[in-house]
Each structure stands twice: as C-alpha cells, then as structure tokens.
Amino acid sequence: MACDKTLQLIRKSLTVGYIDPDTGEHIKTSEAQGSIFSPLLANIVLNELDKKMEDIKKSFDKGAKRARNKEYDAITSRMQSLRKIKAGSSDIKKLAATRRYIPSMDPFDPNFKRLMYLRYADDFVILVIGSIDEAKHIKHQVADILNKKCGLELHKDKTIITATKDGFKFLGAWCKRISATKAGLSKNQAGNPAKYRMRMRIEIPIKDLIAKLKINKYIKTDFNGMATATARKDLINFSHYEIVTFYNHRITGLLQFYSFAANLSSL
C-alpha cells in the first residue's frame, strides 16, 4: 500500500531545487542525483532486484564444501611416506614447497557453488564461485530483471566480469584477492613451508585519487611527471584560518572514508 506522506516528501525533494553557493540563484531540478533522497529512492527502485537475487542465490548455491584436490593429497601422501622411511629428508621440503602452489581443495569442483550479492545505493557487486558461463548467465538475468522490474539498464562500461585475482572497483575502493604464494613463506611446526590464509585485500586506488585531485586543481604534474601541490587561487580572499580549515576538512574526509583500506599509510 502506498504511503501518501512519503510520496509527498519525495515529490517535494525532487522539485524544491537548491541554492547555488556561488551565485545565490535558486535552481530547480527534477533529478535525484546528489540528493539526500538518492539512497532511499535507490532502495525503492532496486527492491525487486534484491528479492530476485535472493531467489537466484538459493537456486545457485550448491554443496557443503569443495572436494579435495587429488594432486594436493597425492603430494601430502608422498610426504608422509618419506617421513616414515627418510625422516628429515630434503625431498620432504621440496615437496612441501611444491605443494604451496597447489590448492588443497578443488577450485573447479562442479558440485560446489556459491553466490554473494552486495549492494549500496545503485552500486552493487556479485561474487560467484562457479564457471565463466554461469557468471555470464547471472549477468543476463540481472540485466533482464533491471529492465523489466526496475526500468533500468546495466551501465555497459562499468559492468564487467572479472576474476577476483585481477581485482575490481567497488564503492571507490579497489578489491583484489592476493595470492597466498606471493605473500612470502612461513614455517609450520615441522619447519616446512606453509600457506597463509589470505583474505581479499581492499585498497585505495591511489592513481585514480591523484587524477581527481588534479582535475579539481589541488595538485599539478611537474616536468618529471610527479604530482606536486599547487595554489588554489579561488581561496585567495579567505583568511588563513579558513584556508587551513578548507584543506583539513577534505584531508580528514579522505582519511575517514578510506579508514578501512589496507594501504591507508600510502595515502
């Protein structure tokens, strides 16, 4: 049942417009872009997608856990045999080093599938444990739901299918699964090389951020291609206190927004 008060509030928010801070002019608009109502409107419009994704996930998920990797288990069995007949053999360490590059579970197990759907406002990501064909099918399903149920279309340039090891951008952050074999060696109780259990790494896209700072005239590029600070001449009539406050607000905002990032110290 429709709520008249909510509809009236949304209608007013779309027609009230805003005051231009530079000219003081009252500008009216019929778009919700940049409005505080944008997240609310996105939730209303994309509610059908949320419900359909729950159904897709239920039908897609399969199996309790992945099957064991036979190649990994064969090496483990060989190592155990060597420990019994040739304890301390250098071959054991060689096999352990080889095993580090092989997953213990079958990454292509057709009987194990998972889907995770994450959405914030109109930006969403779907993580899939499955084949590339299944990922393409889900993409087509999403496009169909958006078109028929929400009156929307997927953004062709921003909608991609990629491996988590190659990374993807979500909500202004760079998300990437780091290889355990590139994380360095650790030692288990037997003194042999062991694997790290790696989580997905969430990073600040520093290059993209520098590009935006340049566009907004906070920095410039010197003759060596290095980013360096530049004067904001539009602040020349501000007091020292106002200028410092202006920059501090933006610096603090960036640091708080990216407080979760693994490479925060690089910022």
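Which residue lies over the face of Phe-60, and at what distance from the ring centre? That would be Lys-113, at 6.0 Å. Keep in mind that this is a predicted model, so everything below describes computed geometry.

Besides lying over the face of Phe-60, Lys-113 forms a salt bridge with Glu-134, with the closest N and O atoms 2.5 Å apart. That pair links distant parts of the chain: Lys-113 is in the loop between helix 5 (90-99) and strand 3, Glu-134 is in helix 6 (residues 132-150), and they are 21 residues apart.

The count for the whole model comes to 10 salt bridges. Here are three of them, including the Lys-113 pair:

| Salt bridge | Closest N and O atoms |
|---|---|
| Lys-113 with Glu-134 | 2.5 Å |
| Asp-50 with Arg-119 | 2.8 Å |
| Asp-234 with Arg-232 | 2.8 Å |

Take the Asp-50 and Arg-119 salt bridge, with its closest N and O atoms 2.8 Å apart. Asp-50 sits in helix 3 (residues 47-60) and Arg-119 in strand 3 (residues 114-120), so this pair ties together parts that are 69 residues apart in sequence. Arg-119 comes out as partly exposed, because its relative accessibility is 22%.

Then there's Asp-234, which bridges to Arg-232. Is Arg-232 buried or exposed? At 18% relative accessibility, Arg-232 counts as buried. Asp-234, on the other hand, has a relative accessible area of 48%, so it is partly exposed.

**Aromatic rings**

How many aromatic pairs does a search of the whole structure find? The answer is six. One of them is Phe-246 with Tyr-247, an edge-to-face pair at 5.4 Å centre to centre with 85° between the planes. Phe-246 is buried, with a relative accessible area of 13%, while Tyr-247 is partly exposed at 25%. Another pair is Tyr-258 with Phe-260, which is tilted: 6.3 Å centre to centre, 50° between the planes. Tyr-258 has a relative accessibility of 7% and so counts as buried; Phe-260, at 45%, is partly exposed.

Phe-246 turns up again in a cluster, where ring pairs link Tyr-218, Phe-246 and Tyr-247. What sits over the ring of Phe-246? The charged end of Arg-250 does, 3.6 Å from the ring centre. If you're looking at the Phe-246 ring, then, you have Tyr-247 edge-to-face with it and the charged end of Arg-250 over it.

Strand 6 (residues 173-177) meets strand 9 in the antiparallel sense over four bridges. As for side-by-side residues, Trp-174 stands opposite Glu-203 in strand 9.

**A threonine in helix 4**

One last stop is Thr-76, found in helix 4 (residues 70-85). Which backbone oxygen does the side chain of Thr-76 reach? It reaches that of Tyr-72, at 3.0 Å. Why does Thr-76 count as buried? Because its relative accessible area is 17%, and buried means under 20%.

How values were computed: Residues are numbered from 1 along each chain as its sequence is written. This is a predicted model: local features need pLDDT of at least 70, side-chain atom pairs count only at pLDDT 80 or more; totals for chains, interfaces and linings use all residues. Side-chain values use heavy atoms; hydrogens and water are left out. Helices (H or I, at least four residues) and strands (E, at least two) are DSSP runs, numbered from the N terminus. Buried means under 20% relative accessible area, exposed over 50%, partly exposed in between (1.4 Å probe, protein chains only). A polar contact is a pair of N or O atoms within 3.5 Å; within protein, one must be able to donate a hydrogen and the other to accept it, and residues adjacent in sequence count only if both atoms are side-chain atoms. A salt bridge is a side-chain nitrogen of Lys or Arg within 4 Å of a carboxyl oxygen of Asp or Glu. Rings of Phe, Tyr and Trp (its six-membered ring) pair if their centres lie within 6.5 Å; planes under 30 degrees apart count as stacked, over 60 as edge-to-face and the rest as tilted. A charge sits over a ring if NZ of Lys or CZ of Arg is within 6 Å of the ring centre and within 35 degrees of the ring normal. Two strands pair if DSSP finds at least two bridges between them.
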